Amino acid sequence: MTDLQPLVIVNNLVKHFPVMRGILIQRQVGTVRAVDGISFFIAPSETLGLVGESGCGKTTAGRTLLGLYPPTDGQITIDGHNLRKAHGPTMMAIRRKAQIIFQDPYASLNPRWTISAIIGEPLRVHHLISSEAERTDRVRELLRLVGLSPSHLNRFPHEFSGGQRQRIGVARALASDPKFIVCDEPISALDVSIQAQVVNLLEDLQDRLGLTYLFIAHDLSMVRHICDRVAVMYLGVIVELAARDELYEHPLHPYTKALLSAVPIPDPKKDRARRRTILAGDVPSPLNPPPGCRFHPRCPIAVEKCHQDVPEWREVISGHWVACHLV
Amino acid sequence: MTVANPLPNIQPLKPLSLDELEAPPLTLSKMAWLKFRRHKMALVGVGILVLMILYCTLGGLVFSEKFANYNDTGIALQPPSSVHPFGTDVIGRDILARTIYGGQISLLIGLIAVMLETTLGIIIGAVSGYFGGLVDSLLMRFTEAILIVPQIFLLLVMAKFFAGNIPNLTILGREFSGSVVVIIAIIGLTSWPYLARIVRAEFLTLKESEFVLAARATGSSTFDIIFRHILPNSIAPIVVSATLGVANAITLEAYISFLGLGVRPPTATWGNMLEGAYNYIDKAYWLWLFPGLLILLIVLSINFVGDGLRDALDPRSRTI
C-alpha cells in the first residue's frame, strides 16, 4: 500500500477558531485550537480511521481537510492538487474528486429539495450532464447503487427514514464520481441494525469503485471492522497512528490503551479478567490546552518531562507512529 | 379434438412499472395546507379577506371613481339611507363608494409597502447573516438605530418632510394623489428592521447547517447557496412577517392619514376617511363606523391568517 503515491497528504494541518468580542470593532479574545498540527497520508483505496472523544477535533479536521473551513496553517494535497493554493477550475476539480458524508442524515439534506435535485446537484454544478433526462437517468442509477428504489426520485427528504436518508447522502457524495470521501461519523446517528447496512454499503462501494475513505468515528469496534489504518486524536492532535491490527493489539500511547480498554467485550468472564484503565477528569478545553503533552493531566504514567515538553511525533516501528515521551 | 380455452377473453394484466406504483410526493406546500386548514380562525380570515378584495374590486364596477369623489355640500352629513347606504361625509360624498375606492388604495399601500419592506429586509438580513464580520456589525448597528426610534415618529417626520409638491400620478387611466407613493415608500423604508433581524438569524443558523456545507463541498456557487439553499429554507418566517406586515402597513397608513399627513383627498383611503371624523363622533357615527369597521376587519383577518401560517409553515411541527 505504501509503495503507491498517497492520494491525500496532510502535513501539520492547523485550524484555530478565533473567539471574537466587540460591538462594532471586533477583537479576538481567545482561540479555540480545534486542530493543532496533524499530519497523515491516505493511500488510494485505503480507509484511514480517525477516532477520538467528542470535541477532540475529528470533525473539524475532516471539514478543514476539504477546505470547508479555511485552514489556519499546514499543507493539504488531494490527488496531486495543493488545496490551499487551489481556486477556480483547480478547486472545482478537487471538489469533484473529494466528497463528504455527514453525520446527521436529518440535517444534511436540503428539506425543500427533491431527492432528484439533491443527488443531481453535483451533476449540475460540475456540468456532468447535458439534459434533464440524462440527470434523471443518472440519479436513478445512483439510487439503485445505494440500494434505494429508483422511483423515489421525486420525493422529499422528510418522506424517508434515517437509514434511507443516509443512503441518499451517500448517493450525493458519489454523484460526481469522486476518488476520496470523508465519512464524518456516517453511522453514529443511526440505529445499530441500520449501522451495519450503511457500513456494508460503504465497504461494498469501496470494493466496486475503488474509493478512498477518511472514516471519522468514535465507535472503536466499527473502526476495527472497516479501517485499514487508524489514527487516534486527542484534543486537536493525533497521538497515535498505526495499521489496524497493530494498533488494536499493541497500542503504545496511554490514551489509546485507555480508549481500547473501554471497548465492551461481549464475554463477562473475559471482561472481568481484563484490566481497565479509567481516566480521571474531563478533556481540557481546546481554548486553553495544557502545556507539554496535551494528555499529561489525565495520563496515568505521566512524568515531569510530560508537563513541559511537547512529545515528538515519531515512527517507533515501521508504520506505527506515536507522540509520547515514554514509548 | 382440442379442449377449448376455458377463459378465452382474459388478457394478462400489464405489470405496473415502479413509477406508477409510487405515491405522489408529499410536498411541503401540501403539508402546510393540511396543517393550515385545521385553523378555523385562519380559514375565516381567508374568507373575510377574499370578500374584502371582491368588495373593493367588484364594487368599483358598480360605482365610478368620479361618483366616489363627487361632492355636493347640499347633501352633506346625511345618515345612511337607501340612496346613500353608508351615508354621506362632511362635503356630501357617498361613503359607500369611498370605502370601495379607499379600500383599493389601502390594500395597494399595504401590499406594495410590504414588498418594499420584505425586499429590503431580505437583502440586508441575508448579507448581514451570510457574510458576517464588519459588514454584519455595520448593518446590524444601523438596523438597531432605526429600531430604537419609534416608527410612528419616523413616519410623521418623513411624511412632513416629503409632503412638498408631489404631482399627481396617472396610472392605468386613474389619477392618484402623489402622496400615495410617499406613504408607501416611508412605510416600506421604516418597517424592514424586524424582518432583517429575522432573516439574519435564519441565515446565521442555516449557513452552518450540514446541507449548506454539503453544497459547499459540492462546489456550489455563493449565489446558489444563498438563493437556492438558504433562502427557500427561511421562507416560513418571511411569509408570516410579510402577511402581518400588510395589516401593519394598513394600520400605519390609517394613523398617518388620520393625523392629516397621509394620502391627500380627493383620493380616498380608509385612513383619510377617518380624518376629521372625530369631530362628529356622536353626531354622525357613519363617518367613522364604516371605514373603521373595514380597517378592523382586515387587520383582524390578516392577523388570523398570519397565525395560521406561522403554525402551518413551522418546520419544527411535522405532524399533520
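**View 1. A loop residue, Leu235(A), between two strands.** Leu235(A) is found in the loop that links β9 (229-234) and β10 (237-243) of chain A. Helices (H or I, at least four residues) and strands (E, at least two) are DSSP runs, numbered from the N terminus. This is a predicted model, in which local features need pLDDT of at least 70, side-chain atom pairs count only at pLDDT 80 or more, and totals for chains, interfaces and linings use all residues. Residues are numbered from 1 along each chain as its sequence is written, while chains are lettered from A and ligands numbered from 1 in the order in which they are written. Leu235(A) is not a glycine, yet its phi is positive, about 50°. Most residues other than glycine have a negative phi. Is Leu235(A) buried or exposed? Leu235(A) counts as buried, with 24 C-beta neighbours inside 10 Å. Here, buried means 20 or more other C-beta atoms within 10 Å, exposed means 12 or fewer, and partly exposed lies in between; C-beta atoms are placed from the backbone.

**View 2. Glu185(A), in the loop between β7 (180-184) and α6 (192-209) of chain A.** Glu185(A) also has a positive phi, about 45°, although it is not a glycine. Glu185(A) is buried: 21 other C-beta atoms lie within 10 Å.

**View 3. Strand β1(A) and its partners.** Strand β1 (residues 8-21) of chain A runs antiparallel to strand β2 (residues 27-42) of chain A, and twelve bridges join them. Two strands pair if DSSP finds at least two bridges between them. Pro18(A) has Thr31(A) in β2(A) as its bridge partner. β1(A) is also joined to strand β4 (residues 73-78) of chain A, antiparallel, by five bridges. Which residue of β4(A) stands opposite Ile9(A)? Thr77(A) does.

**View 4. Helices α3(A) and α4(A).** The axes of α3(A) and helix α4 (residues 132-145) of chain A come within 10 Å and cross at roughly 110°. Axes are lines fitted to C-alpha atoms, for helices over the stretch in contact, and angles run from 0 to 180 degrees between N-to-C directions. That makes α3(A) roughly perpendicular to α4(A), a label for 65 to 115 degrees; under 35 counts as roughly parallel, over 145 as roughly antiparallel and the rest as oblique.

**View 5. Chain A against chain B.** In this view, 32 residues of chain A are in contact with 25 residues of chain B. Contact means C-beta atoms, placed from the backbone, within 7 Å. On chain A, α2 (88-97), β6 (98-101) and α3 (115-125) each supply at least two residues of the side that touches chain B.

Methods:
Two residues are in contact if their C-beta atoms, placed from the backbone, lie within 7 Å.
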